[in-house]
Amino acid sequence: MCKTTMKYLGCTGSIEEAGHGRYYGKVLGLETTVTYEGHSLEELEKAFQAAVEDYLDKLDEIETQDRS
């Protein structure tokens, strides 16, 4: 059985196969949509991790602005 989700920094991401060696997914449980894609499962995982890091960085920026 193939893995259908992955985890990174407390976030869970889906794994979907698009065919022709392409994969895509989205970070689950967020109010906003954060997606990623790759040509292999390894590339998908790296894209997921980068998407999570970008999302968390943006949240931190917003929180910093709100405190100002």
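This is a predicted model: local features need pLDDT of at least 70, side-chain atom pairs count only at pLDDT 80 or more; totals for chains, interfaces and linings use all residues.
Let's start with helix 1, residues 41–67. Those 27 residues span 39 Å from the first C-alpha to the last, close to the 39 Å expected at 1.5 Å a residue.

Which residues of helix 1 are buried? They are Leu44, Phe48, Ala51, Val52 and Tyr55. Have a look at the spacing in those numbers. An α-helix has 3.6 residues a turn, so residues three or four places apart point the same way. And what covers the buried residues of helix 1? The cover includes strand 1 (5–8), strand 2 (11–14), strand 4 (22–28) and strand 5 (35–38).

Now the core. The largest nonpolar core has 12 residues: Met6, Cys11, Ile15, Tyr23, Val27, Val34, Tyr36, Leu44, Phe48, Ala51, Val52 and Tyr55. Helix 1 gives the most to this core, 5 residues, and strand 4 and helix 1 each supply at least two. As a general point, nonpolar side chains in soluble globular proteins tend to be buried together. Leaving out residues up to four places away in sequence, Val34 touches Gly25, Lys26, Val27, Ala51 and Tyr55.

On to the strands. Strand 1 and strand 2 pair in the antiparallel sense, over 4 bridges, and Thr5 stands opposite Ser14 in strand 2. The hairpin these two strands make has 2 residues between the strands, and Leu9 there takes a positive phi near 50 degrees.

In strand 2 we have Thr12. Is Thr12 buried or exposed? Its relative accessible area is 18%, so Thr12 is buried. Its side chain makes a polar contact of 2.8 Å with the side chain of Lys7. Beyond four places in sequence, the contacts of Thr12 are Thr5, Met6, Lys7, Lys26, Val27, Leu28 and Phe48.

Over in strand 1 there's Tyr8. Tyr8 counts as partly exposed because its relative accessibility is 22%, and the cut-off for buried is under 20%. Setting aside neighbours within four places, Tyr8 is in contact with Phe48, Gln49, Val52 and Glu53. With Glu53 there's also a side-chain polar contact, at 2.4 Å.

Technical notes
Residues are numbered from 1 along each chain as its sequence is written. Side-chain values use heavy atoms; hydrogens and water are left out. The expected span of a helix is 1.5 Å times one less than its number of residues. Buried means under 20% relative accessible area, exposed over 50%, partly exposed in between (1.4 Å probe, protein chains only). Contact means heavy atoms within 4.5 Å. A nonpolar core is a set of buried Ala, Val, Leu, Ile, Met, Phe, Trp, Tyr and Cys residues joined through side-chain atoms within 4.5 Å. A polar contact is a pair of N or O atoms within 3.5 Å; within protein, one must be able to donate a hydrogen and the other to accept it, and residues adjacent in sequence count only if both atoms are side-chain atoms. Two strands pair if DSSP finds at least two bridges between them.
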